[in-house]
Amino acid sequence: MIPVTKASVWKALAPRNMELGPQDAPKVFTHSRLSKGSDDIAWLVLDRADESTNTLSEAVLTELDTAFGDVEGMGAKGLVIRSAKKSGFIAGADIRDFKGVSEAGEVETRMRRAHEIVDRLAALRVPTVAIIHGHCLGGGLEIALACKYRIALGDATLGFPEIRLGLHPGLGGTFRLPALIDPVEAMTMMLTGKTVHAKKAKTLGLVDAVVEERHVENAARAAVAGKMKTERGNWKSGVFALSPARQLAARQMRTKAEKHAPKEHYPAPYRLIDLWEGHGSDANAMQRAEITSFSELLASETAQNLVRVFLLREKLKGAAKGESGIRHVHVIGAGTMGGDIAAWCAARGLRVTLADLDRNVIAKAIGRAAEFYDKKLHSSIERRDALDRLMPDFDGSGAKADLVIEAVVEKADVKRKVFDAIAPKMKKDAILATNTSSIPLEVLREGLASPDRLVGLHFFNPVAKMELVEVVAHDQASKATLDRAHAFCGAIDRLPAAVKSAPGFLVNRALTPYLTEAFAMLDEGTSKETIDRAAEEFGMPMGPIELADRVGLDIGLEVVRMLKDELDDPIPEIPAWLEKKIESGETGRKAGKGLYAYDDNGKPKKASDTPAPGPEMSDRLVLPMLNTCVRCLREGIVEDEETLDGAMIFATGFAPFRGGPMHYARSRGVADIPETLKRLEQQHGPRFAPDNGWDAIRGET
């Protein structure tokens, strides 16, 4: 009997290295290595060179084709495919290869070749096993689906996010996934782009087993030997092999899709539904149609703009790299924003203390956090740990945090009082941040002994959904402070956009003319539903009236007042009726009533019999926003058009299929927009006067 010692127990409990198969005499490729063990099982280990994540470029696929040929000739009795990357299996196609594509025929030729490679994997005469950890997305999942077995680790997430790029799966997913699992579940995964975690994937039949790292090798051997129990097939597959059943389900799918992705703006979901409805019982026909449809979509303006949005996200993520040194966050102000910032940081693994003058407000914030964790965290342990990290601060211990975030009412004098109280108690290297949505940091830093450690971290509501954080710099902020602030955003999975301190910064300054023009239309007698519909038809996720309610009419009013006082921007007068509404407590969705009344689920009650918007209505709303974006570029509030477009998309939801406000301006024509603004100026007044910055932009084209 082997004696059990403390050392042996700790060794058994220690984190395991990844099982990557036999290490003796592998055949080494640029992006992978292939080896065969004494058990005659081949292991193909994917490790794309000079990248932190595996993606499928043409070079990688060509290399896989060579490896599959080697497996056929090496006498292996099975093939195991695994990633050497800590981040996961394969994250999908290399999206950089999609940029600038315009010829569908050229894409179709390349896609046929890619399908031949994946089909070769599917046709191997030996059992094939995909070992999946971390992310397994898009083309990565399609590689896994071409294997006979899929074994997941507990951290695996699987899905098809292509729909967010204006595409549908293009490497066999449209016919292999519905053939494997419940076809309706398969279509839902592809139509929504949502991922499933390992446990859910096992329930669906998408993976055959979920194991811990120490069991990977044995599980792979069992699969190759045919000893792994699988639950394949679904009674619904037989039902949906019949055309009438698919037609009925397809109609329901189109109805759901129209609510979230209008066909005129986002054709991909409807193309996918058409594929399944027309060819769902014939895999070969489905494959041919998938290749053609994917190729046409990729060459479309919508997909190219959404590819641009993906690359904008990657650029912002790139600015969030580095080590922040922040382990403890202290949030002052437990209202909606402060409480939600605290809850998010705790969910992302940070220790968080939350302070407020009113203990009941703290209690409500922690209650909201618990509800959020119940919905979004995947295990009871994760939920428990997140709540353990979120602590009310009644004794001032939070002052010793690495980062202090002020999130109190949007009034400069109140914020300065908070700074005066907390700053002397902070650690010497701690960062003091403000979540102000509009107040220049030059105003807030007055009296601070260390203004170099002050930065703006402007989160957007709702915190859990809006990815962007404006990182606001001022001329006394140190580079170290700004670098750490950007890295902090990366650590909590947010996208930092660097902006300079100025009234309203970038996003709220650009939103203000959009919102105030909506109020002007209300004063003219246009119904709020018609105004919102005009914006939604342009592609906004919600109209300006609903957005104003969502932000909070009281907060919006403070922003507008401050911008009118501090800037020369021509902003319409604040309607008296709006001030009265706020004074009466009708501040928007949070109060249950604002410009709209809200039901118990927080949904606005909208009339359905209002007139359709007129042809110029969207221009009246959107072009003043674009005009202000140009002004912010001219004034140096934001460094470049890409950062601006990313900020407006990820903070406001600006019509993603249009690629961002500046990209839309260039696509529409940088001469056309100033001319349209001049016509609107003649009709509605000087607030539409084109900014001088348009001249510089025209000069660049």
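Arg221 is partly exposed, with 38% relative accessible area, where partly exposed lies between buried (under 20%) and exposed (over 50%), using a 1.4 Å probe and protein chains only. Its salt-bridge partner is Glu217, which is also partly exposed, at 30%. The model is predicted: local features need pLDDT of at least 70, side-chain atom pairs count only at pLDDT 80 or more, and totals for chains, interfaces and linings use all residues. Residues are numbered from 1 along each chain as its sequence is written, and side-chain values use heavy atoms, with hydrogens and water left out.

**Salt bridges**

- A salt bridge is a side-chain nitrogen of Lys or Arg within 4 Å of a carboxyl oxygen of Asp or Glu, and the count by this rule is 60.
- Side chains of opposite charge can pair when their charged atoms come close.
- The N to O distance between Arg221 and Glu217 is 2.9 Å.
- Both Arg221 and Glu217 belong to helix H8 (residues 216-224), four residues apart, or about one turn of the helix; helices here are DSSP runs of H or I with at least four residues, strands are runs of E with at least two, and both are numbered from the N terminus.
- An α-helix has 3.6 residues a turn, so residues three or four places apart point the same way.
- Asp493 and Arg348 form a salt bridge at 2.4 Å, N to O.
- This pair links distant parts of the chain, 145 residues apart: Asp493 is in the loop between helix H19 (479-491) and strand S19 (495-500), and Arg348 is in the loop between helix H14 (336-347) and strand S13 (351-355).
- Asp493 is partly exposed at 40% relative accessibility, and Arg348 is partly exposed at 36%.
- Lys427 and Asp402 form a salt bridge at 2.6 Å, N to O.
- This pair also links distant parts of the chain, 25 residues apart: Lys427 is in the loop between helix H17 (412-422) and strand S16 (431-434), and Asp402 is in the loop between strand S14 (390-392) and strand S15 (403-406).
- Lys427 is partly exposed at 27%, whereas Asp402 is buried at 11%.
- A network of salt bridges links Arg509, Asp569, Arg631, Arg634, Glu635 and Asp691.

**Surface charge**

- A patch of positive charge on the surface gathers Arg164, Lys194, Lys375, Lys376, Lys465 and Arg589.
- Patch members have over 30% relative accessible area and no salt bridge, with like charges joined within 9 Å and nonpolar side chains (Val, Leu, Ile, Met, Phe, Trp, Tyr) within 5 Å.
- Accessible areas come from the Shrake-Rupley method with a 1.4 Å probe, and for residues only the protein chains shown count as cover.
- Lys and Arg count as positive and Asp and Glu as negative, while His and the chain ends are not counted; the place of a charge is NZ of Lys, CZ of Arg, CG of Asp or CD of Glu.
- Lys465 is exposed at 66% relative accessibility and lies in the loop between strand S17 (454-459) and strand S18 (468-473).

**Sheet**

- Seven strands form an open sheet with mixed pairing, in the order S1-S2-S3-S4-S6-S8-S11.
- Its edge strands are S1 (27-28) and S11 (209-211), each of which pairs on one side only.
- Two strands pair if DSSP finds at least two bridges between them.
- S1 and strand S2 (residues 32-36) pair in the antiparallel sense over two bridges, and Val28 stands opposite Arg33 in S2.
- Strand S3 (residues 41-46) runs parallel to S4, joined by six bridges, with Val45 opposite Arg82 in S4.
- Strand S4 (residues 78-83) has six of its six residues buried.
- Both faces of S4 are covered, with Gly78, Val80 and Arg82 buried on one side and Leu79, Ile81 and Ser83 buried on the other.

**Helices**

- Helix H5 (residues 173-180) is mostly covered, with seven of its eight residues buried.
- Arg288 sits in helix H12 (residues 283-298) and is exposed at 55% relative accessibility.
- Arg288 and Met189 are 99 residues apart in sequence and 21 Å apart in space, C-alpha to C-alpha.

**Backbone geometry**

- Most residues other than glycine have a negative phi, and most peptide bonds are trans.
- The peptide bond from Asn461 to Pro462 is cis, with omega near 0 degrees, and Pro462 is in the loop between S17 and S18.
- Asp50 has a positive phi, near 60 degrees; Asp50 is in the loop between S3 and helix H2 (58-73) and is exposed at 81%.
- Asp493 also has a positive phi near 60 degrees.
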